[in-house]
Amino acid sequence: MDPAHERRTAEPPKRGEQVQVTSTLRPPADPPVVLRAHAAAKINLALLVGERRPDGFHEIVTVLQSIGLWDDLEVRLAPDGLGLEVEGEGLPPSESNLVLVAARELARRSRDLPGASFRLRKGIPVAAGLGGGSADGAAALLALDRLWQLNLPAVNLHAMATEVGSDVPFCVRGGSRVGTGRGERLQEVPTKGLLWWLVAISSESLATAEVYRRYDELGLARPLEGRWPDALLDALAAGDLERVGRALDNDLEPAAFDLLPVLRSGKERLLEAGALGAVMSGSGPTLLALARDEEHAGRIARAARGAFTRVEIARGPVPGVTFG
């Protein structure tokens with residue numbers, strides 16, 4: 001495993017602590033003409049949402065984890081220009097795709113660069129609160145840094161990732177981390193052992209902006225002062241799955257459940273099926289169920305499968321972007 005993703009034995013971060021963002025990723029001495037990157041999905045184990053800021057964003061505190069659901073991105077040198085082909089999930093190429101957004105962000109800061117063509121195979125469900133677009137943007141950023149032999153410092157890549165999207169800095173690194181601000185300020189979270197998740201995906205869609213708007217309309221926003229996921233962080237560090245399950249939390253659930261009531265019954269179904277805890281990921285509509293192990297996750301899946309369009313079993317934490 002890359003040292004950047006080794007688990008730490010230190011105490012989990014407490015409110016206000018700052019952790020230096022570092023990366024051990026380095027481009028190879030003789031970069032190939034083609035690179036293949038694997039980009040992991042992200043889930044939110046906790047999402048605390050504060051009041052709306054003047055810039056329109058909400059201040060948040062979130063506990064993020066990368067899990068074993070991947071998109072595959074093939075990146076090839078081209079004489080000039082940027083091109084994208086997408087396979088799977090019915091997602092057409094688009095100028096707003098974060099692969100191209102990330103590529104343009106990197107290209108505009110350097111001169112005399114060649115072009116690149118991308119082939120993206122979607123394995124992460126689209127518009128499901130699992131950060132697939134952000135993961136793809138992170139993979140494009142790291143792949144082009146290697147392919148174009150830029151060897152940019154980690155702090156520069158972090159800054160560019162922030163420009164691409166709020167979740168992209170996390171997706172670059174993966175593992176388990178606390179995100180603050182818009183989620184782009186990251187602190188590593190010590191995590192003991194593996195966690196097994198049932199990822200329950202609905203065919204219904206929820207727009208992030210719509211969920212946050214309903215959250216504000218319901219008057220649910222509270223200041224974040226004095227709110228920090230200490231119980232969850234302590235449980236992750238101890239590897240105590242029962243406590244992790246009890247500490248899962250998402251402030252956006254009431255708004256999302258109001259917009260899509262089937263999510264409430266879906267969460268109840270997961271708990272009735274024996275999950276240690278269940279929570280909505282991000283702004284939904286995907287629900288997560290924590291299992292004791294892979295076998296337990298399979299039992300939950302069989303019991304709850306009829307309530308969802310698709311269920312996946314995935315482990316975490318995993319690295320955000322890997323190559324090979």
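At 26% relative accessibility, E59 counts as partly exposed, where buried means under 20% relative accessible area, exposed over 50% and partly exposed in between (1.4 Å probe, protein chains only). E59 forms a salt bridge with R185, the closest N and O atoms being 3.4 Å apart; a salt bridge is defined here as a side-chain nitrogen of Lys or Arg within 4 Å of a carboxyl oxygen of Asp or Glu. The pair links distant parts of the chain, with E59 in strand β2 and R185 in strand β6 (residues 185–188), 126 residues apart. Helices (H or I, at least four residues) and strands (E, at least two) are DSSP runs, numbered from the N terminus. R185 is likewise assigned to the partly exposed class, at 40% relative accessibility. A network of salt bridges links R53, D55, E59, E184 and R185.

The structure is a predicted model, in which local features need pLDDT of at least 70 and side-chain atom pairs count only at pLDDT 80 or more, whereas totals for chains, interfaces and linings use all residues. Residues are numbered from 1 along each chain as its sequence is written, and side-chain values use heavy atoms, with hydrogens and water left out. The pLDDT, the predictor's confidence in each residue on a scale from 0 to 100, averages 89 over the chain, and 89% of the residues score at least 70. Over residues 1–13 the pLDDT is below 50, and beyond near neighbours in sequence this stretch has 33 contacts in the model, a contact being heavy atoms within 4.5 Å. Residues 16–28 also have a pLDDT below 50, with 23 contacts beyond near neighbours in sequence.

The chain contains 10 helices and 12 strands. Of its 324 residues, 53% count as buried. Among contacts between residues at least 6 apart in sequence, 77% join residues at least 24 apart. The chain exposes about 14000 Å², of which carbon and sulfur atoms supply 48%; accessible areas come from the Shrake-Rupley method with a 1.4 Å probe, and for residues only the protein chains shown count as cover.

The count of salt bridges comes to 22. One of these joins R76 to E74, with the closest N and O atoms 3.6 Å apart.

Helix α5 (residues 208–217) has V211, Y212 and Y215 as buried residues. Seen down the axis of α5, these buried residues fall within an arc of 95°, so they line one face of the helix; the arc is that of the directions from the helix axis to the C-beta atoms. The buried residues of α5 pack against β1 (34–52), β2 (58–78) and α8 (253–259). On the other side of α5, A209 and E217 are exposed, the relative accessible area of E217 being 54%. E217 also forms a salt bridge with R214, the closest N and O atoms being 3.1 Å apart. Being 3 residues apart in α5, R214 and E217 are separated by about one helical turn. R214 counts as partly exposed, at 23% relative accessibility. Just after α5, G219 takes a positive phi of about 65°.

G137 is placed in helix α2 (residues 132–147) and counts as buried, at 0% relative accessibility. Its C-alpha atom is separated by 5.4 Å from that of A102, 35 residues apart along the chain. Leaving aside neighbours within four places in sequence, G137 is in contact with L98, V99, A102 and V168.

Several backbone features fall in loops. A cis peptide bond joins G284 and P285, with omega about 5°, and P285 is found in the loop between β9 (277–280) and β10 (287–291). The peptide bond from G316 to P317 is also cis, with omega near 0°; P317 lies in the loop between β11 (310–316) and β12 (321–323). Positive phi values occur at residues other than glycine as well: phi of A127 is near 55°, and Q149 has a positive phi of about 55°. A127 lies in the loop between β4 (115–121) and α2 and is exposed, with a relative accessible area of 57%. Q149 is placed in the loop between α2 and α3 (154–164).
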